[in-house]
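Hello,

Here is the structure I said I would pass on. Please open it first; my notes follow below.

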Amino acid sequence: MVRLLGARPVFADVTGHDDLTIDPEHVLSLIGEKTRAVVVMHYGGFSADLVRLAEVCASRGVILIEDAAHAFAVSTPAGTCGMVGDYGTFSFFATKNVSIGEGGLVVARDPERNAFIRRHRSHALTTTPVERAASGALDYDVDSVGLNYRPSDISSAIALAQLDRLPDAQRAREAARTDYRHRLAALEGVVLPFASVPDDESAHHLAAILLPEGTNRNAVVRSMRTRGVQVGMHYPPTHLFSAYRDADAPPLPITEAVVPRLLSLPMHARLRTEDVAHVVEALGSALAEEAHG
Ligand SMILES: Cc1ncc(COP(=O)(O)O)c(C=O)c1O
């Protein structure tokens, strides 16, 4: 989006091997004359440090945008993810905790910005058919250029129905996380990041781990696949994609140290304890194979 708007994205590093969210102090050091906004992402459902990020943004007069695609309905002491910054965005893509296949949500704290978003989701019409039916107005205006960003009524109805089930689904993800934590403790060198975050302060969108340093991740992925376990990697870092390489970009040493070790274990609301046991067993065997060459 940054590039589509004609702006230049400048990537900041993550905080550390335990906290894989953006480092507010690095953000602060990168804010310059031309900086207009800071975009933060709540990795895997774990909140970035919103208190410090909000302070940093306020001190430099830039807006704070939260990408809360992984963190739907996450309450933290700093507030609800996506609702602390100036804007929050959410995704209902097929893999997300609330999923309608495609589509998303954007919220803004400021009522005028919210009204702007509402108008622009539907061709920038100044009123909606529902508003006209209520007010009796027959006419509307189009006062700027807009597009169609409307989700369909059918997919919205599916999302609303999922909201009823969300608390139970969240509890199931929390239980899977606890189970993973206990079982992974037996595997030397494996790190489960966000160790100090209370289990109920995350959407547990991912179960991302760090493999022991120096592990051949591809070998582990292949080995787990042969044991019937599909694993993922979230994400290859954007600053290394060819479209985003930038010779003047700041170095991101922590990101580059963490990424080769990252692995996402299966995580969803129907994961049973025997599934978690099977995944961790498969990981243990894959790591043992790897260690013995
Ligand atoms: C962190 C994050 N931000 C943004 C997106 C994009 O959302 P969408 O695919 O709904 O546009 C995704 C996932 O697709 C995501 O995981």
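C81 is buried, at 0% relative accessibility. C57 is buried too, with a relative accessible area of 3%. Keep in mind that this is a predicted model, and that the values below were computed from it.

How many disulfides does a search of the whole structure find? The count is zero. A disulfide is a covalent bond between the sulfur atoms of two cysteines. For C57, the nearest cysteine sulfur belongs to C81, 15 Å away. For C81, the nearest cysteine sulfur is that of C57, again at 15 Å.

Which residues are around the ligand? They are M41, D67, A69, H70, S91, K96, G103 and Y235. Sorted by class, this shell holds three nonpolar, three polar and two charged residues.

- D67: an N or O atom of its side chain is 2.5 Å from a nitrogen atom of the ligand.
- S91: a polar side-chain atom lies 2.7 Å from an oxygen atom of the ligand.
- Y235: a polar side-chain atom lies 3.1 Å from an oxygen atom of the ligand.

On its own, the ligand has 380 Å² of accessible area, and the protein covers 60% of that.

Regards

Notes:
Residues numbered from 1 in each chain as written. Predicted model: local features only at pLDDT ≥ 70, side-chain atom pairs only at ≥ 80, totals over all residues. Heavy atoms only, no water. Disulfide = S-S within 2.5 Å. Buried < 20%, exposed > 50% of the residue type's maximum accessible area, 1.4 Å probe, protein only. Near = heavy atom within 4 Å. Polar contact = N/O pair within 3.5 Å; in protein donor to acceptor, adjacent residues only side chain to side chain. Areas by Shrake-Rupley, 256 points an atom, 1.4 Å probe, with all protein chains shown as cover. Nonpolar A, V, L, I, M, F, W, Y, C, P; charged D, E, K, R; others polar.
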